[in-house]
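Visitor: Hi! Could you walk me through this one while I have it open?
Guide: Happy to, let's take a look together.

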Amino acid sequence: MRETVRELLDAVDERSGELTRAATMLLDCVDGGGVIHTAGAGHSVAMVCETFYRAGGLAAVRPLWDPEVVPLGGALRSTAAEREIGRGRALIKEAQPTPPDVVVVFSTSGRNPYPVEIAQESVARDVPVIAVTSIAASAGSTDRSGRRVADHADLVLDTGVPAGDAVHPAESPRTSAVSTILGAYTWSAVLAELHRQAEARGSVLPLWTSANVAGGDERNAELFARYSERIPELTADLG
């Protein structure tokens, strides 16, 4: 299993051109005063969490999520919800992203209506879309929407997750899913390239500091003040 995962991670690195383009899109968004909206359903919600209010992560990120598509609130319910027509479109209509914002959609299979509609509705609003998906998994998945999320993206970051997600045992995979590993690595690779480009451009990235290190709360206070109005999830519990 370790060898397979390492090979898949190396394959992500080999797609450096797309990672570079993604970083440029995100930097243009941040420098232009925009917000990066991230969305996903099912276990791709883990990737939404990875992008939001994370030590070392971008503060200019708004998580877009519908409680119905989170497995923790009901496994069968979440599966049904991401297949429901209109739910993804409604999410974007409520969030109302506008240029220079960017929408990042995480969806390994890329075939359910929820992520496809998120991408479609964002494009209709002239908001660029980055799809973090797997071309192989999408090709091998049941087509429930008539399209793939990759079909509506300005840029596709292919994670290379195999169809079915599991990679062990090699001869007949049944366990050891890799979509979260590859998704998180892809996002981290984009952030590293984003940092490199920001330094070259002379930009200062709005990055969170861990609240568990000295000075973390103080350094984050300015970011809360800067982004809370456009990212209500930062202070939602405060009323």
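Visitor: Which residues are exposed on the other side of α9?
Guide: Those are E218 and A225, where exposed means over 50% relative accessible area, buried under 20% and partly exposed in between, with a 1.4 Å probe and protein chains only. Helices here are DSSP runs of H or I with at least four residues and strands are E runs of at least two, numbered from the N terminus.

Visitor: Before we go on, what sort of model is it?
Guide: A predicted one, where local features need pLDDT of at least 70 and side-chain atom pairs count only at pLDDT 80 or more, while totals for chains, interfaces and linings use all residues. Residues are numbered from 1 along each chain as its sequence is written, and side-chain values use heavy atoms, without hydrogens and water.

Visitor: Which residues of α9 are buried?
Guide: G216, N220, L223 and Y227. They share one side of α9 because they cover an arc of only 50° around the axis, taken from the directions from the helix axis to the C-beta atoms.

Visitor: What do they pack against?
Guide: Against α2 (16-31), with contact meaning heavy atoms within 4.5 Å.

Visitor: New topic: how many aromatic pairs are there?
Guide: Five, counting rings of Phe, Tyr and Trp (its six-membered ring) with centres within 6.5 Å; planes under 30 degrees apart are stacked, over 60 edge-to-face and the rest tilted. Y53 and F224 are edge-to-face, since their centres are 5.6 Å apart and their planes at 65°.

Visitor: And which residues do ring pairs link into a cluster?
Guide: F52, Y53, W208 and F224.
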